[in-house]
Amino acid sequence: MLALLVGNSVRLIPEHLDAQVDARIQAVERAYSTAVLIPLASRDYAMLRDILDGFKSSQDIVYLAVTDTQNKILASTGWNTTKSLPAEGRQGNLRNIIFNVSSFGQDYGRVHYGLSTDRVDTAIRTLFSQSLLIALIKIVLSLILLSITCYLLTRNLTSLADASEQVAGGNYDTVIPVNGRDEVAVLTENFNRMTAA
């Protein structure tokens, strides 16, 4: 049961965090496409750079670039313009996202940006290690509790087994002290009556 609970948590937590990242990507896409549409349509690249610099300060954004419809970089921040922009997808701890900027069916260009997944990856690792630590603590506590319970249940049975060996050897004066009122105590009383008889 513990393995199932931990396994289910480890499976669900990354899915939940990935869903949050996807929701953030959609929100960023709406905000960015609205903000860059007018300067992109009017070819005001200075304003475009200012907007990108403002967005770059957003947490987890590694780079931002705006390209025209022929993929020529018009403005960028956090990206070396001598290098070509990466394809969409995940590369290590970076998600490269590309989306079109358009209005009324007219395509004006694309926004490229890199979203760092460091915080999400760290959160997943932390939650995974905490889940394993909790599971380990539960197992250790269960073993301790089980050991104590087994000792309490078997200590009377051990003395009963020793006494039966003595009786089998001919020592009929053997008397076992009765502890408690459980089934082992009843068995001990009956054993004492049997040896007395």
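The protein chain has a radius of gyration of 36 Å, but a compact globule of 197 residues would have one near 16 Å. That radius is taken over C-alpha atoms, and the globule rule is 2.2 Å times the number of residues to the power 0.38. Along the principal axes, the C-alpha trace spans about 110 × 30 × 25 Å.

Some ground rules. This is a predicted model, in which local features need pLDDT of at least 70 and side-chain atom pairs count only at pLDDT 80 or more, while totals for chains, interfaces and linings use all residues. Residues are numbered from 1 along each chain as its sequence is written, and side-chain values use heavy atoms, with hydrogens and water left out.

The chain has 4 helices and 5 strands, in the order α-α-β-β-β-β-β-α-α. Helices (H or I, at least four residues) and strands (E, at least two) are DSSP runs, numbered from the N terminus. Of the 197 residues, 29% are buried, meaning under 20% relative accessible area with a 1.4 Å probe, protein chains only; exposed is over 50%, and partly exposed is in between.

Now the rings. How many aromatic pairs does the structure hold? There are 3 aromatic pairs. Rings of Phe, Tyr and Trp (its six-membered ring) pair if their centres lie within 6.5 Å; planes under 30 degrees apart are stacked, over 60 edge-to-face, and the rest tilted.

Tyr 63 and Trp 79 make a tilted pair, 4.8 Å centre to centre with 45° between the planes. Tyr 63 is in strand E1 (residues 61-67), and Trp 79 is 16 residues away, in the loop between strands E2 (73-77) and E3 (89-91). Both Tyr 63 and Trp 79 are buried.

Phe 99 and Tyr 113 are edge-to-face, because their ring centres are 6.3 Å apart and their planes are at 75°. This pair links strand E4 (residues 94-103), which holds Phe 99, to strand E5 (residues 106-116), which holds Tyr 113. Phe 99 counts as buried because its relative accessibility is 5%; for Tyr 113, also buried, the value is 0%.

Last, a location. Leu 133 is in helix H3 (residues 118-168).
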